[in-house]
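I opened my notebook beside the structure and wrote down what I looked up, one topic at a time. The entries below are in the order in which I made them.

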Amino acid sequence: MASSTQAQKLVYLVTGGCGFLGEHVVRMLLQREPQLQELRIFDLHLGPWLEELKTGPVQVTAIQGDVTQAHEVTAAVAGAHVVIHIAGLVDVFGRASPKTIHEVNVQGTQNVIEACVQTGTQFLVYTSSMEVVGPNIKGHPFYRGNEDTPYEAVHKHPYPRSKALAERLVLEANGRKVHGGLPLVTCALRPTGIYGEGHQIMKDIYYQGLRLGGRLFRVIPTSVEHGRVYVGNVAWMHVLVARELKQRAALMGGQVYFCYDKSPYKSYMDFNMEFLGPCGLRLVGTRPLLPYWLLVLLATLNALLQWLLRPLLLYAPLLNPYTLAMANTTFTVSTNKAQRHFGYEPLFSWEDSRTRTIHWVQALEGSA
Ligand SMILES: NC(=O)C1=CN([C@@H]2O[C@H](COP(=O)(O)OP(=O)(O)OC[C@H]3O[C@@H](n4cnc5c(N)ncnc54)[C@H](O)[C@@H]3O)[C@@H](O)[C@H]2O)C=CC1
Ligand SMILES: C[C@H](CCCC(C)(C)O)[C@H]1CC[C@H]2[C@@H]3[C@H](O)CC4=CC(=O)CC[C@]4(C)[C@H]3CC[C@]12C
């Protein structure tokens, strides 16, 4: 395979390229990566929108495949210069089993690493998550933290545990010799809660509000702040990291970067209201309408019901002990590491991000 210094035209592979973040990364690469010759999009489920991309100057190759199948991953990676590994099972609601989450997120990532090593692909960018740090189950706040802030990361839930294990695999693989003798260069991006066009949870909460007569009810105090980042800026960070990793391997290899932008620090629901408010929803209550102990009880009941009903049906409501703990724990980042290491500045201002997200909600079917 040609090295990046010889080749002006590059082959990128994006795993999970048809998901919420993946689609934004794919579109951003096509718009803003001039060195791109071929873009391979690997996903379990290919989206019909891929067809419209195939008429442009860059060769777009859609590959239906499963990251848990090593041979499928190796075939897709062979000949790629850069792999952006986004595919993952994002489940904090108990829809998938812990085993499946581990297989996709950990074994899938191991397969991607081994495929790079076997085929001689030198650059690997991994989409990790803020969840590899926290919030932890003890409810310790992480307030305006950065990549070096000490924090007691305790992972009991299968999703954050899997992301933490996978991130470690990626970072430990930095420096391994790939086929041909060159070193593998890896790094991991840790988005906080991503929002923007295509965000399924935002959509679910919006429809829930419509069903409740245009109202949502406050259950978490405004004082609990939650880190959020616009999907367009997360995509932009991926494009930049993938580009700069080739030039600044010594500095960036083996590093982690939080994904951040200028989105305001707010509670999860107050933040969502920035978009849902202009779309006709109202958040009832300036303080939580239910005492916290009652929420804990309801969340525990939901978990019990999920377990009891599992043989019959999948009961997976938004509220469970884990999501309650997440929503009720301050976790915000304040860092400029990405700016210092590879010149990242958010591409979209907060105003742009907000407007784009509002337009997307307004265009949803059944919108008020
Ligand atoms: N949504 C969020 O707020 C955050 C997400 N992340 C990470 O970003 C990545 C993308 O997340 P989203 O776009 O939100 O999720 P998503 O569910 O919309 O996208 C994940 C994509 O991976 C694909 N996929 C799942 N299992 C696969 C398999 N076995 N083989 C091949 N493809 C498979 C899915 O089909 C989907 O297209 C994930 O790795 C997630 O852990 C990190 C931080 C925050
Ligand atoms: C669903 C939660 C909000 C509803 C809580 C309720 C029922 C009490 O009102 C969401 C609160 C925090 C979210 C998570 C957070 O943004 C971090 C994440 C990172 C990821 O890598 C994946 C998604 C998520 C776990 C995200 C999921 C929804 C929340 C738990």
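I found Pro 135 in the loop between strand S5 (123-127) and strand S6 (142-145), where helices (H or I, at least four residues) and strands (E, at least two) are DSSP runs, numbered from the N terminus. The peptide bond that leads from Gly 134 to Pro 135 is cis, and its omega is near 5°. I then looked at Arg 144, which is found in strand S6, and noted that its phi is near 50°, a positive value in a residue other than glycine.

**Entry on the source.** I noted that this is a predicted model, in which local features need pLDDT of at least 70 and side-chain atom pairs count only at pLDDT 80 or more, while totals for chains, interfaces and linings use all residues. Residues are numbered from 1 along each chain as its sequence is written, chains are lettered from A and ligands numbered from 1 in the order in which they are written, and side-chain values use heavy atoms, with hydrogens and water left out.

**Entry on ligand 1.** Which residues come nearest to ligand 1? Of the 25 residues around ligand 1 (a residue counts if one of its heavy atoms lies within 4 Å), I listed Asp 43, Asp 66, Ile 86, Tyr 159 and Lys 163 as the nearest. For polar contacts (pairs of N or O atoms within 3.5 Å), I wrote down that a polar side-chain atom of Tyr 159 lies 2.5 Å from an oxygen atom of ligand 1, and that a polar side-chain atom of Lys 163 lies 2.8 Å from an oxygen atom of ligand 1. Taken alone, ligand 1 exposes 820 Å², of which the protein buries 85%; such areas come from the Shrake-Rupley method with a 1.4 Å probe. Helix H1 (20-32), helix H5 (158-173) and strand S8 (193-195) are the elements that give two or more residues to the shell around ligand 1.

**Entry on ligand 2.** I counted 17 residues around ligand 2, and the closest are Ser 129, Glu 131, Tyr 159, Gly 193 and His 226. An N or O atom in the side chain of Tyr 159 is 2.6 Å from an oxygen atom of ligand 2, and for the side chain of Ser 129 I noted 2.7 Å between such an atom and an oxygen atom of ligand 2. On its own ligand 2 has 630 Å² of accessible area, and the protein covers 89% of that. Helix H11 (residues 321-327) gives the largest share of the shell around ligand 2, 3 residues.

**Entry on H3 and H4.** The axes of helix H3 (residues 70-77) and helix H4 (residues 98-119) come within 9 Å and cross at roughly 50°, the axes being lines fitted to C-alpha atoms over the stretch in contact, with angles that run from 0 to 180 degrees between N-to-C directions.

Methods:
Polar contact = N/O pair within 3.5 Å; in protein donor to acceptor, adjacent residues only side chain to side chain.
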